[in-house]
Amino acid sequence: MRHIDLPTGLSQHAIRHFLSTCSFEIGNNEDAISIGSPKGVFFAEPFALSMLAAFGDEAASKNVSITLETPSVLGLRYAKRMRLFDFLKVSYDQSVREQEEAGRFIPIARVSSPDDLKAFIAQLMPLWHLPEESAAAVSYCVSELVRNVLEHAGPSSAYVCAQYYEEKQRVEIGVADRGKGILSSLLRNYSNLRSDQEALVEALKPGVTGSKSFENAGAGLFFTKSLAKLSCSYFSIYSGNACYRVRKSSPDGQITLFADPLLDKHDLWGNLPYWPGTVVAVDINVGRLKQFRSTLAAIKQVYETGKQPKPKPKIHFS
Amino acid sequence: MTLELFPIFGVFAEDKGAAKELREGTILPALERGERVVLDFSKIGFATQSLIHALIFEPLYKLKEEALNRIEFRHCAGPVKTIIEIVVGYAFNPPVTTHTPVSELR
């Protein structure tokens with residue numbers, strides 16, 4: 001039986017350590033996997049829970065059983081509340097008082113269709129108890145990230161959850177899938193891509209898409225990364241064996257958005273254990289995104305930078 | 001023709017599938033017939049870029065300014081207006097993206 005040892009913190013801050021020490025690829029000959037943590041997991045951010053849920057669902061579909069080595073490995077109360085055990089298919093008998101979901105967290109949901117997403121977004125907006133524009137920014141990220149999975153990942157569902165820290169005014173969102181991954185998706189239109197690292201960098205540029213239809217502009221990841229950066233928060237994306245992370249911007253300085261993600265203050269790692277699919281982690285400091293329109297205006301400026309000067313077409317607003 | 005969008009999309013407009021249906025079934029054919037189309041965003045607070053793209057990019061791409069001159073965007077909330085400006089902007093002047101091999105930057 002293969003064993004996965006989780007580190008104490010499953011966070012974007014320590015994402016490299018987490019990803020480099022845990023392999024969630026399921027081999028063809030595996031029939032059982034145990035999960036443990038020598039020191040226990042003190043906190044797990046939504047992206048890690050979404051990853052574990054996606055991994056658990058795939059394990060179940062391949063008849064691979066999962067066991068938790070020690071009962072305290074995942075902080076049982078929190079994991080139960082987030083419905084992680086439903087996806088890992090491990091039993092948990094202790095009675096845990098369910099908390100009201102409103103305002104604090106959105107437990108892991110499996111989203112498999114546009115109708116699922118529509119229903120998920122509809123329940124998301126009022127749950128946050130946030131100002132309308134802040135809630136819209138959060139819903140915006142969830143919508144774009146989950147649609148990316150439904151449209152580009154192949155047959156995989158999206159596994160999504162979120163947590164709101166009221167004191168810090170921070171919302172953390174995690175979306176994971178076990179689909180074909182960014183490189184495979186982009187190769188259709190960008191045959192010169194040679195690695196998962198290059199594919200991640202391309203995917204974050206505005207206008208880059210793996211689709212050839214009139215429904216895709218290749219802007220969802222760029223918008224989402226920009227919302228995180230403008231709110232001085234982390235954004236990470238992990239696919240194949242590579243991970244890209246935007247570092248937190250200083251809240252005191254001027255924040256500039258770039259079309260090229262390599263110009264952002266970032267980390268880009270390769271040679272990580274292979275993740276079959278894509279994981280996105282987004283933090284939004286909602287206190288800094290009170291004016292969604294001005295945030296969008298900053299994104300609009302990026303689209304207008306570096307272009308050949310042309311007269312602007314007249315748009316008829318009334 | 002005037003299309004009221006709130007009954008289709010709700011206050012947070014993100015359903016690209018419905019936008020595609022509306023574009024293919026109603027908006028593009030009307031514009032191709034030379035008709036004027038009013039997109040009424042009353043009561044819609046927010047729209048994703050993906051949705052606005054799915055709604056209007058194809059007519060702008062195919063019919064160019066002829067399409068834009070025949071579309072009226074009515075009662076747009078601030079964030080919706082900005083998204084429309086972004087989509088129209090890149091429809092007529094696409095962003096410049098160049099492939100940068102990661103290995104060459106090290």
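Five salt bridges are counted between chain B and chain A in this predicted model. One of the salt bridges of the structure joins the side chains of A:R147 and B:E14, with a nitrogen-to-oxygen distance of 3.2 Å.

On the side of chain B that touches chain A, at least two residues each come from α2 (16-32), β4 (46-47), α3 (49-63), α4 (65-70), β5 (71-74) and α5 (78-92) of chain B. Of the elements of chain B, α5(B) gives the most to this side, with 12 residues. By residue class, the side of chain B that touches chain A comprises 24 nonpolar, 15 polar and 13 charged residues.

The extent of the interface was described by contacts and by area. In terms of contacts, 50 residues of chain A meet 52 residues of chain B. The size of an interface is often expressed as the accessible area lost when the parts come together. For chain B and chain A, the buried area is about 4400 Å², and carbon and sulfur atoms give 61% of this area.

Strand β13 of chain A (residues 316-317) pairs with β5(B) in the parallel sense over two bridges. Within this pairing, A:H316 has B:E72 in β5(B) as its bridge partner. The pairing belongs to an open sheet of four strands, ordered β13(A)-β5(B)-β3(B)-β1(B), with parallel pairing. Within chain B, β1(B) pairs in the parallel sense with strand β3 (residues 37-40) over three bridges. In this part of the sheet, B:T2 lies opposite B:V38 in β3(B).

Over all chains, the structure holds 24 salt bridges. Several of them lie within chain A, among them two that involve A:D264. The side chains of A:D264 and A:K225 form a salt bridge at 2.5 Å, nitrogen to oxygen. This pair links distant parts of the chain, with A:D264 in the loop between β10 (242-246) and β11 (266-269) of chain A and A:K225 in helix α9 (residues 220-230) of chain A, 39 residues apart. Both A:D264 and A:K225 are buried. A salt bridge is likewise formed by the side chains of A:K229 and A:D264, at 2.5 Å from nitrogen to oxygen. Here too distant parts of the chain are linked, as A:K229 lies in helix α9 of chain A and A:D264 in the loop between β10 and β11 of chain A, 35 residues apart. A:K229 is buried, as is A:D264.

The side chains of A:R194 and A:E198 meet in a salt bridge of 3.0 Å, nitrogen to oxygen. A:R194 has a relative accessible area of 56% and is therefore exposed, whereas A:E198, at 3% relative accessibility, counts as buried.

Notes:
Residues numbered from 1 in each chain as written. Chains lettered and ligands numbered in written order. Predicted model: local features only at pLDDT ≥ 70, side-chain atom pairs only at ≥ 80, totals over all residues. Heavy atoms only, no water. Contact = heavy atoms within 4.5 Å. Buried area = accessible area lost by both parts, 1.4 Å probe. Salt bridge = Lys/Arg side-chain N within 4 Å of Asp/Glu carboxyl O. Nonpolar A, V, L, I, M, F, W, Y, C, P; charged D, E, K, R; others polar. Pairing = 2+ DSSP bridges. Buried < 20%, exposed > 50% of the residue type's maximum accessible area, 1.4 Å probe, protein only.
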